[in-house]
Amino acid sequence: MLLRGAFRQCISGRHGGAAVRTFASTHREIPALTRDRYPVQRGSFAELNESDVATFRSILGDSTSRVLTAADEVQDYNIDYLRSVRGCGRVVLKPRTTAEVSELLRYCNDRRLAVCPQGGNTGLVGGSVPVFDEVVLSMQLMDKIERIDEYSGIVVCQAGCVLANLEEQVGARGLIMPLDLGAKGSCHIGGNVSTNAGGLRLVRYGNLHGSVLGVEAVTAEGRILDLMSNFKKDNTGYHLKHLFIGSEGTLGVITRLSIFCPTASRSVNVAFIGLRSYDAVKQTFLAAKRGLGEILSSCEMIDAPSLDSCTRFFGLQSPIEKYPFYMLIETSGSDAGHDEEKLSRFLEQSMENGLVEDGTVTNEPTKMKNIWKLRELIADSLLSDGYCFKYDISLPLDQFYDIVLAVRERVGDLAINVTGYGHVGDSNLHLNVSCKRFTPEIYAALEPFVYEYTSKLRGSVSAEHGIGFLKKKYLHYSKQAEPLRLMRQMKQLLDPSGILNPYKVLPPETPVTNH
């Protein structure tokens, strides 16, 4: 349904299905080693030797496909998706069972070999690749879906299941995954849980601390912690599962999990609308909450440079004319007539009030998927400029877009593009600064400025991407000294030798100043 203006039929493009993050890493230059680009020193860990490799092969059945050592085989496991960090790990291990993970970690702990757990390697903060020569523990082969209970909505699976595959399987049972990400074609559910990923459905279903009912995790010493649960109600003492949700593999390795999947909506509608100002975006979001209520399932904001980058790089076409800002609003419910009436009334009132200038609404699956591409492929399109600094921050909605303008003015000609888009429904902005290549000059202009700006507004330096390696020295902008001290004590308790994902999450005792 067209709201106003000429509709250029559908959104054409050459990409279909779930977005798989592969093209960027295929066509872009190999980054400098992390140890050369950033000030970091190797910990007092042992160095890998041939005896270690032989032990790994004995644990994993002497399979060359499950113990990778050739330089060309391990290279991709050392480089992050953004091409911002690169480690020099010499071995990649691919267990199939929790017992194998336990035996591998027990051996590494005894030998003081540092370990980097890795899922789909789609992270954006350098948390999923080695910093130095850590052993890479890949979860790729732990991809079994053990059970889907359509009565309770509970799914039990291994940590290496790809999110898009889970979405397909639960969808066949009338359910829906409570999270949806642009990287769903590559990311693993275990990595999602380890980073407490948010995504496009958080405004409707909340974060993973609520959706994940239980986990199975292996500590650095090889202890298997069965924290699984088959019930939404399980009030039995300390909820230890929460220690592993969002700890990014620094406290233990998640090997299995149970997650609650809601019933899939029978009625889904998507609106794509154009607006003249960020203030109109803010007012429209408030009107959507009040007017759509329980059927509002996603509310996204896109600025003009973000959409331009996406349509240009992927050869897509916007369904409406150009505006400074756009919003993508999705509704999900059980009564098509009721939902369409509420959405139409909300949009008509928003246009009458001068908030919305133009837009289109559809409930056709293909058209909805094409509209969602305009949002989900922005991140990849910005990488085409060469290098992209990506900041995932939470900010008050009154000042939500101000930081984009401030950064644009600050970096000037150093950047090709400074854009802002994200989940306005849960105050999560994705600030992107693209340039031809990484340079110390633009790095110094951005950091710690972005985090200081965020901290002054009492925002969060990481809304959903985690801390990883790239943000650890800025964690103090969002966490006070006492909580950080307690976090270090928890790390010491569960990983006394510090072998699990070292150099990640926890900042140094004294904050490091940028040089």
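These legends describe close-up views of a predicted model.

**View 1. The buried face of helix α3.** Helix α3 spans residues 50-59, and its buried residues are Asp52, Val53, Phe56 and Ile59. Down the axis of α3, these buried residues fall within an arc of 120°, so they line one face of the helix. An α-helix has 3.6 residues a turn, so residues three or four places apart point the same way. On the other side of α3, Glu50 and Ser58 are exposed.

View 2. At the start of α3, Asn49 brings a side-chain oxygen to within 3.0 Å of the backbone nitrogen of Ser51. After α3 comes Gly61. The phi of Gly61 is positive, near 85°.

**View 3. Domain 1 beside domain 3.** The protein chain is divided into domain 1 (53-138), domain 2 (145-260) and domain 3 (267-457). The C-alpha centres of domain 1 and domain 3 lie 36 Å apart. Five residues from domain 1 and five residues from domain 3 make the contact. The area buried between domain 1 and domain 3 is about 410 Å². Carbon and sulfur atoms give 60% of that area. Between domain 1 and domain 3, the count of salt bridges is zero. One residue pair is in polar contact between domain 1 and domain 3.

View 4. Lys282 and Asp398 meet through their side chains in a salt bridge, at 3.0 Å from N to O. Lys282 sits in helix α11 (residues 278-292). Asp398 sits in the loop between β15 (387-394) and α16 (402-411). The two residues are 116 residues apart in the chain. Lys282 counts as buried, at 18% relative accessibility. Asp398 is exposed, with a relative accessible area of 53%.

**View 5. Other salt bridges.** The structure holds 22 salt bridges. In one of them, the side chains of Lys367 and Glu364 meet at 3.8 Å, N to O. Glu364 is partly exposed, with a relative accessible area of 42%. Lys491 forms a salt bridge with Asp495, and their closest N and O atoms are 2.7 Å apart. Both Lys491 and Asp495 are buried.

**View 6. A salt-bridge network.** A network of salt bridges links Glu167, Asp180, Lys184, Arg201 and Glu376.

Definitions and conventions
Residues are numbered from 1 along each chain as its sequence is written. This is a predicted model: local features need pLDDT of at least 70, side-chain atom pairs count only at pLDDT 80 or more; totals for chains, interfaces and linings use all residues. Side-chain values use heavy atoms; hydrogens and water are left out. Buried means under 20% relative accessible area, exposed over 50%, partly exposed in between (1.4 Å probe, protein chains only). Helices (H or I, at least four residues) and strands (E, at least two) are DSSP runs, numbered from the N terminus. The arc is that of the directions from the helix axis to the C-beta atoms. A polar contact is a pair of N or O atoms within 3.5 Å; within protein, one must be able to donate a hydrogen and the other to accept it, and residues adjacent in sequence count only if both atoms are side-chain atoms. Domain bounds come from an automatic or database domain assignment. Contact means heavy atoms within 4.5 Å. Buried area is the accessible area (1.4 Å probe) that two parts lose on being put together, summed over both. A salt bridge is a side-chain nitrogen of Lys or Arg within 4 Å of a carboxyl oxygen of Asp or Glu.
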